[in-house]
Amino acid sequence: KRPAGAPDEALAKPVSKVGIIGAGLMASQFALLFVRRLQVPVVITDLDQGRVDKAVAGIHGEIDKLADKGRVSTDEQQRLKALISGTVDKADFADCDWVIEAVFEELGVKQQVFREIEPHLSPEAVLATNTSGLSIEAMGSALQHPERLVGFHFFNPVAVMPLIEVVKTPTTDDATLATAMRVAKDLKKNAVITRDTPGFVVNRILAKLLGEAMHAVEQGTPFEDVVEAQRAFGFPMDPFVLLDLVGLKVGAHVLDTHHAAAPDRFFESKALHELAEAGILLEKDAKGEPKGIDKRARKIVAK
Ligand code: 3HC
């Protein structure tokens, strides 16, 4: 069944090469998904060769892990690795028909990235952004052709979370939207089409959950009691483990964006900013293993 608001699938453009702008953790996770599910070349770029090389090496490492677990054959391991490349030359994006950005969550930075890449793209290329809540219409104002821009929001961990939010702006055209829906389907994800409002749908809900959890501990409720209380809902993760997973910096940014858009509905958390600055994880150690609530986190939220 076609999702509500989805245009005719026949309008979707073929995707034979993917371009990714930004070589951070999220981009690396979805680069691997693109290469595995679409089986097409994927090229990644960032500000400097060092970051690009690190990302490509990291993705190769993840492919090796999949091979060690028997999830991909030795042949496929080599083929997938060969499909991933890194570059700092924008000319390598000339034959990409799907280009997605996952750079720093700041409108000006994303507009600059789009302004720089657009002259190198084919007129048919579709542009997507993995923003978690910035205005995509505002991003598109930097483009000559904003009708080819669409939101394509992944969730962490990308390999297992089943949803993609496909975000339609007032200017996104039907071919772009249909292409995004087809790409989501080919990635074997469920897609919902959302409006271009702060936080789309998922992060509106998440900002409530995480904002209230942080507000409760900042008001003096022990972390453990918030965790116990949330257990009533049967969520797969407690709110502080979830914050560790998405990253405290990203979490703080999501809360800020929502608070700025609707201060009467969403909390911001100064403690979360301080924790992110200090590089503290709330419940996990550096290897991602549970360690119990961090002692320094208790002190920071109690201030
Ligand atoms: N990367 C890749 N695969 C992972 C993974 C990771 N980080 N974590 C778990 N997996 C895989 C495991 O390998 C396993 O696969 P298998 O069944 O094929 O062996 C499968 O996921 C299940 O893992 P586990 O049994 O170890 O663990 P759980 O059953 O506890 O599930 C979870 C793990 C899927 C991460 C679950 O805890 C969960 O759904 N947590 C909530 C995550 C969430 O809410 N994410 C959204 C964050 S918001 C966001 O990203 C938006 C941004 O804008 C802020």
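Me: A residue is near a molecule or strand if its C-beta atom, placed from the backbone, lies within 6 Å of it. Which residues around the ligand are the closest?

Reply: This is a predicted model, in which local features need pLDDT of at least 70, side-chain atom pairs count only at pLDDT 80 or more, and totals for chains, interfaces and linings use all residues. Residues are numbered from 1 along each chain as its sequence is written. The ligand is surrounded by 15 residues, and the closest are Ser132, Asn156, Pro157, Ala159 and Pro236.

Me: How many residues of the shell around the ligand are charged?

Reply: Ala, Val, Leu, Ile, Met, Phe, Trp, Tyr, Cys and Pro count as nonpolar, Asp, Glu, Lys and Arg as charged, and the others, Gly among them, as polar. On this division the shell holds 12 nonpolar residues and three polar ones, while the number of charged residues is: none.

Me: Which domains each give at least three residues to the shell around the ligand?

Reply: Domain bounds come from an automatic or database domain assignment. At least three shell residues are drawn from each of domain 1 (9-195) and domain 2 (202-302).

Me: Which helices each supply at least two residues of the shell around the ligand?

Reply: Helices (H or I, at least four residues) and strands (E, at least two) are DSSP runs, numbered from the N terminus. At least two shell residues come from each of helix H7 (202-218), helix H9 (239-246) and helix H10 (248-261).

Me: Against which helices do the buried residues of H9 pack?

Reply: A residue is buried if 20 or more other C-beta atoms lie within 10 Å of its own, exposed if 12 or fewer, and partly exposed in between, with C-beta atoms placed from the backbone. In H9, Pro239, Phe240, Leu242, Leu243 and Asp244 are buried. Contact requires that the C-beta atoms of two residues, placed from the backbone, lie within 7 Å. The buried residues of H9 pack against H7, helix H8 (223-230) and H10.

Me: What arc do the buried residues of H4 cover around the axis?

Reply: In helix H4 (residues 107-117), the residues Lys110, Val113, Phe114 and Ile117 are buried. They lie on the same side of H4 because the arc that they cover around the axis is only 95 degrees. That arc is the one of the directions from the helix axis to the C-beta atoms. The value is therefore 95 degrees.

Me: Which exposed residues does the face of H4 turned away from its buried side carry?

Reply: The buried residues of H4 pack against strand E1 (18-21), strand E4 (98-101), strand E5 (126-129) and helix H5 (136-140). The face turned away from the buried side carries the exposed residues Gly108, Arg115 and Glu116.

Me: What is the omega of the peptide bond from Asn156 to Pro157?

Reply: Pro157 lies in the loop between strand E6 (149-153) and strand E7 (163-168). The peptide bond that joins Asn156 to Pro157 is cis, with omega near -10 degrees.

Me: Is Lys188 buried or exposed?

Reply: Lys188 is placed in the loop between helix H6 (174-186) and strand E8 (190-195). Although not a glycine, Lys188 has a positive phi of about 65 degrees. Because Lys188 has 10 C-beta neighbours inside 10 Å, it counts as exposed.

Me: Which residues does UniProt list for "domain: 3-hydroxyacyl-CoA dehydrogenase C-terminal"?

Reply: UniProt positions are given in the numbering used here, feature names are shortened, and annotations may be inferred rather than shown by experiment. For this feature the unreviewed UniProt entry lists residues 199-288.
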